[in-house]
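Here is a short note for a colleague who is opening this structure for the first time. Please read the points in order, with the model at hand.

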Amino acid sequence: MSENDDQPLGLFQKFLSNNRIFKNREVLRHSYRPQILPHRRPQIDAIASILAPAIKDETPSNILIYGKTGTGKTACVRYVGSELEKVGAGVGTGCRVVHLNCEVIDTQYRVLAQIAKSLEDLDATPSDRARAHIPMTGWPTDQVYTELKNQLEATGGVLVIVLDEIDKLVKKSGDETLYNLTRINADLQGAKVSIIGISNDLRFTDFLDPRVLSSLSEEEIVFPPYNAPQLCDILAQRAEMAFVEGSLEEGVIPLCAAFAAQEHGDARRALDLLRVSGELADRENAEQAKEKHVRMALDKIETDSMIECISTLPTQSKVVLYSMLLLEEMDKKIFTSGEVTRVYREVSRIVNIDPLTHRRITDLISELNMLGVINTRVVSKGRYGRTKEMWFDSNTKKIQEVLAKDPRLSEERLAQVDLNRLKASFR
Ligand SMILES: Nc1ncnc2c1ncn2[C@@H]1O[C@H](COP(=O)(O)OP(=O)(O)OP(=O)(O)O)[C@@H](O)[C@H]1O
């Protein structure tokens, strides 16, 4: 029993917002689909002009959309897609749009089955919906393809298939899915398919058969990064719906925009900063979110993403990272890759994994540097050549806590590392 339990909201009372800051926090979440997209008129018009023939039941060209993360690619395609469905329904042509996230749906089977399932969901009455037609696994892929074709023909009209994060699909399962989808129109009667591929990494096109690439990129649209004033407009428009009037100090939006523009003009990051700033102010019971909350939010988001990144590292990288922590524990603030390798060998023996070569360890160190977990620099050692030095500049306690969650790196196990012996070996 706590002192709050006799209040109407019990234990939760003190944690529930008193709504001094937020009017509607959901507007700032990733799942929210904005209807107004400032600074994206040219891209929206470009997509709309390419898809327009669908309204007249003609096949639109395929589109490849490219741009850095958070530049509004998904938001714009979803917006134009829903307008197309609306207008298509109004004039009596069946235009449908199926949006797949290839980060999750990353094999040919799943792509085909998911398209078929979305079509069933669009068309079906509730009782039809209960009978899942194509199972999500188990059939030969040919059969799934044939069944999808039958379904498309039965439905008729134009289907726009959006393959978001298309690079993930190609990386995971090659270009066969795209080969088949870009050719499906030749097999169809009375139905048409058009594809929109979205990616923030164009390198995947190197892995495409030239015929698939030329067919997929009949049209190409690039989404440039936002600059700070553009991010300000995007934030201001969302903030109006999300925040109680007067609850944002004047400098908050420009500061969130400036931080996000410093990186690569990512609207998602700008919105996250604004939301977290509001949440931190809310938690403090403050009347206004202030610039100090934006700085705290930046810190929190960076720490959270670092934690996420470390917890998903492969075991070998975690062991390399752990070896660096041990070096720090031995009062070495800056260490070399040779020293990391020496400690790594000891740790890998104790955690019982096959030791990597010095070369591989250096590669993993470079990866950790790219991920922003450590800093590195190359220094010249005169006639001994060059060596890489590295150091942490963030809170290593957090890194330690995340690593300790990996059962292989549990405290009991690592207690067996003989720090004194290692220390002596560095003298
Ligand atoms: N012009 C804009 N106006 C309003 N909100 C925007 C705008 N551009 C992007 N956003 C918002 O920013 C977030 C990221 O946008 P979106 O998901 O469309 O980016 P993306 O380019 O598809 O990124 P990724 O490649 O990482 O998937 C979303 O919450 C979206 O609502």
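**Notes on the model**

1. The chain is assigned three domains: domain 1 (41-223), domain 2 (226-309) and domain 3 (313-425). These bounds come from an automatic or database domain assignment. The model is predicted: local features need pLDDT of at least 70, side-chain atom pairs count only at pLDDT 80 or more, and totals for chains, interfaces and linings use all residues. Numbering starts from 1 along each chain as its sequence is written.

2. Overall build. The chain holds 18 helices and 8 strands. Helices (H or I, at least four residues) and strands (E, at least two) are DSSP runs, numbered from the N terminus. Along its principal axes, the C-alpha trace spans about 80 × 55 × 50 Å. Of the 427 residues, 35% count as buried. A residue is buried if 20 or more other C-beta atoms lie within 10 Å of its own, exposed if 12 or fewer, and partly exposed in between, with C-beta atoms placed from the backbone. Take contacts between residues at least 6 apart in sequence: 74% of them join residues at least 24 apart. A contact requires two C-beta atoms, placed from the backbone, within 7 Å.

3. Domains 2 and 3. Their centres, taken over C-alpha atoms, are separated by 34 Å. At the contact, 4 residues of domain 2 meet 5 residues of domain 3. The domain 2 side of that contact has 3 nonpolar residues, 1 polar and no charged. Here Ala, Val, Leu, Ile, Met, Phe, Trp, Tyr, Cys and Pro count as nonpolar, Asp, Glu, Lys and Arg as charged, and the others, Gly among them, as polar.

4. The ligand shell. The ligand has 19 residues around it, and Thr-69, Gly-72, Thr-74, Ala-75 and Ala-267 come nearest. A residue is near a molecule if its C-beta atom, placed from the backbone, lies within 6 Å of it. Helices α2 (73-91) and α11 (267-283) each supply at least two shell residues. By class, the shell has 7 nonpolar, 9 polar and 3 charged residues.

5. The recorded binding site. An unreviewed UniProt entry lists Thr-71, Gly-72, Lys-73, Thr-74, Ala-75, Tyr-226 and Arg-238 under "binding site". UniProt positions are in the numbering used here, feature names are shortened, and annotations may be inferred rather than shown by experiment. Lys-73 sits in helix α2. Lys-73 is buried, with 25 other C-beta atoms within 10 Å. Leaving out residues up to four places away in sequence, Lys-73 touches Ile-65, Gly-67, Ile-198 and Phe-223. Tyr-226 belongs to the loop between β5 and α9 (228-242). Tyr-226 is buried too, with 26 other C-beta atoms within 10 Å. With the sequence limit of four places again applied, residues touched by Tyr-226 include His-39, Thr-71 and Ala-267.

6. Strand β1. All 5 of the 5 residues of β1 (residues 63-67) are buried, so this strand is largely enclosed by the rest of the structure. In a regular strand, side chains alternate between the two faces of the sheet. In β1, Ile-63, Ile-65 and Gly-67 are buried on one side, and Leu-64 and Tyr-66 on the other. β1 pairs with β4 (residues 191-199) in the parallel sense over 4 bridges. 5 bridges join β1 to β5 (residues 219-223), also parallel. Two strands pair if DSSP finds at least two bridges between them. Leu-64 stands opposite Gly-197 in β4, and its bridge partner in β5 is Glu-220.

7. Arg-275. This residue lies in helix α11. Arg-275 counts as buried, with 25 C-beta neighbours inside 10 Å. Leaving aside neighbours within four places in sequence, Arg-275 is in contact with Arg-25 and Leu-28.

8. The unreviewed UniProt annotation "domain: Cdc6 C-terminal" covers residues 321-403. That span is 54% helix and 17% strand, and its end C-alpha atoms lie 9 Å apart.

9. An open sheet. Its 3 strands have the order β6-β8-β7, with antiparallel pairing. β6 (335-336) and β7 (375-380) stand at the edges with a single partner strand each, so one side of each is left without a neighbour in the sheet. β7 and β8 (residues 386-391) pair over 6 bridges. Val-378 has Lys-388 in β8 as its bridge partner.
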